[in-house]
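Work through the exercises below with the structure open beside the text. Each task is followed by its solution.

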Amino acid sequence: SDKCIEQHVIIAASSTVGITQGEVFLKPDRPYLKVSLSDSADLKCCYEGQSQLLIWIRRVKSANNTRSLERVTFSKRVTEGNSPEDDASCGTLKFTSVQLNDSGLYQCYLNSTQLFTHGTYLHVYKPLDKTIDLKESTKNKILTAEGILLLMCVLVPSATLLFKSKTLHTLEKKKMKKEEENIYQGLNLDDCCATYDQIERSQAQGPYQDVANIMEAGDDVQLEKP
């Protein structure tokens with residue numbers, strides 16, 4: 001009975017994996033199972049030893065913040081069964097469609113040895129609903145906008161780099177022109193003109209003078225001996 005189960009809660013709380021009583025060895029249970037609302041769930045408890053009558057119970061938190069035990073009620077949605085594994089005997093509890101109020105700690109009560117298995121906490125949660133319901137046309141527009149932004153991210157840096165390269169080339173040309181102008185700034189234009197006039201006169205007179213003409217002019221000329 002349920003009262004008998006409640007009387008043995010203290011005994012169950014002190015039992016751990018590997019503790020034996022009456023030649024029964026408790027196998028470890030799955031500690032936690034998280035399932036979405038309306039999905040299926042399978043719970044299992046196993047032990048080694050003499051055959052036992054298994055009773056599925058659930059620990060729930062009551063209104064006064066205390067935990068109480070209740071026997072699992074079976075229905076078309078909740079069924080129990082047996083699943084032998086190697087040298088162990090296992091009891092199963094299956095939910096075809098879990099509800100929010102199915103959450104709790106599920107344990108098997110071994111009636112003959114008055115032991116509780118360690119149990120599995122079943123957590124049933126409700127998935128979040130979609131906050132934004134977009135049409136296919138809206139999704140396509142978003143994808144198109146993303147493509148345009150991606151293209152701009154590629155083209156803008158390339159154009160900026162090209163503009164910088166062109167500007168640098170123009171500056172280099174200006175620098176070279178300025179350097180050529182500076183070459184002529186150090187020259188004296190008067191000296192250049194005088195030198196040019198001398199070259200012109202020498203070309204007009206020729207490289208040699210007529211000796212006869214010089215003597216007619218009455219100048220004393222001394223010729224050097226060869």
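## Exercise 1: Charged pairs

In this predicted model, a salt bridge joins the side chains of Glu48 and Lys27, with 3.4 Å from N to O.

Task: Find where Glu48 and Lys27 lie, and state what their pair ties together.

Solution. Step 1: Glu48 belongs to strand 3, while Lys27 is in the loop between strand 1 and strand 2. Step 2: the pair therefore ties together parts that are 21 residues apart in sequence. Step 3: Glu48 has a relative accessibility of 27%, so it counts as partly exposed. Lys27 is partly exposed too, with a relative accessible area of 27%.

Task: Decide what the salt bridge between Glu85 and Lys44 connects.

Solution. Step 1: the closest N and O atoms of Glu85 and Lys44 are 2.4 Å apart. Step 2: Glu85 lies in the loop between strand 6 (78-82) and strand 7, and Lys44 lies in strand 3, so this pair ties together parts that are 41 residues apart in sequence. Step 3: with 35% relative accessibility, Glu85 is partly exposed. At 37%, Lys44 counts as partly exposed.

Task: Is Arg58, the partner of Glu70 in a salt bridge, buried or exposed?

Solution. Step 1: the side chains of Glu70 and Arg58 meet at 2.4 Å, N to O. Step 2: Glu70 is in strand 5 (residues 67-71) and Arg58 in strand 4, twelve residues apart, and the pair links distant parts of the chain. Step 3: Glu70 has a relative accessible area of 31% and is partly exposed. Step 4: the cut-off for buried is under 20%. Arg58 has 13% relative accessibility, so it counts as buried.

The count of salt bridges comes to four.

## Exercise 2: Strand pairing

Task: How many bridges join strand 3 to strand 7?

Solution. Step 1: strand 3 and strand 7 run antiparallel. Step 2: seven bridges join them. Step 3: opposite Leu43 stands Leu93, in strand 7.

## Exercise 3: Aromatic rings

Task: Classify the ring pair of Phe95 and Tyr106.

Solution. Step 1: the count of aromatic pairs is three. Step 2: the ring centres of Phe95 and Tyr106 are 5.6 Å apart and their planes are at 75°, so the pair is edge-to-face. Step 3: Phe95 is in strand 7 (residues 89-95) and Tyr106 in strand 8 (residues 104-110), so the pair ties together parts that are eleven residues apart in sequence. Step 4: Phe95 is buried at 2% relative accessibility, and Tyr106 is buried with a relative accessible area of 3%.

Task: Describe the pair formed by Tyr109 and Phe116, and name the residue over the face of Phe116.

Solution. Step 1: the pair of Tyr109 and Phe116 is tilted, with 5.0 Å centre to centre and 50° between the planes. Step 2: both Tyr109 and Phe116 are buried. Step 3: Arg59 lies over the face of Phe116, 5.4 Å from the ring centre.

Conventions
Residues are numbered from 1 along each chain as its sequence is written. This is a predicted model: local features need pLDDT of at least 70, side-chain atom pairs count only at pLDDT 80 or more; totals for chains, interfaces and linings use all residues. Side-chain values use heavy atoms; hydrogens and water are left out. Rings of Phe, Tyr and Trp (its six-membered ring) pair if their centres lie within 6.5 Å; planes under 30 degrees apart count as stacked, over 60 as edge-to-face and the rest as tilted. Helices (H or I, at least four residues) and strands (E, at least two) are DSSP runs, numbered from the N terminus. Buried means under 20% relative accessible area, exposed over 50%, partly exposed in between (1.4 Å probe, protein chains only). A charge sits over a ring if NZ of Lys or CZ of Arg is within 6 Å of the ring centre and within 35 degrees of the ring normal. Two strands pair if DSSP finds at least two bridges between them.
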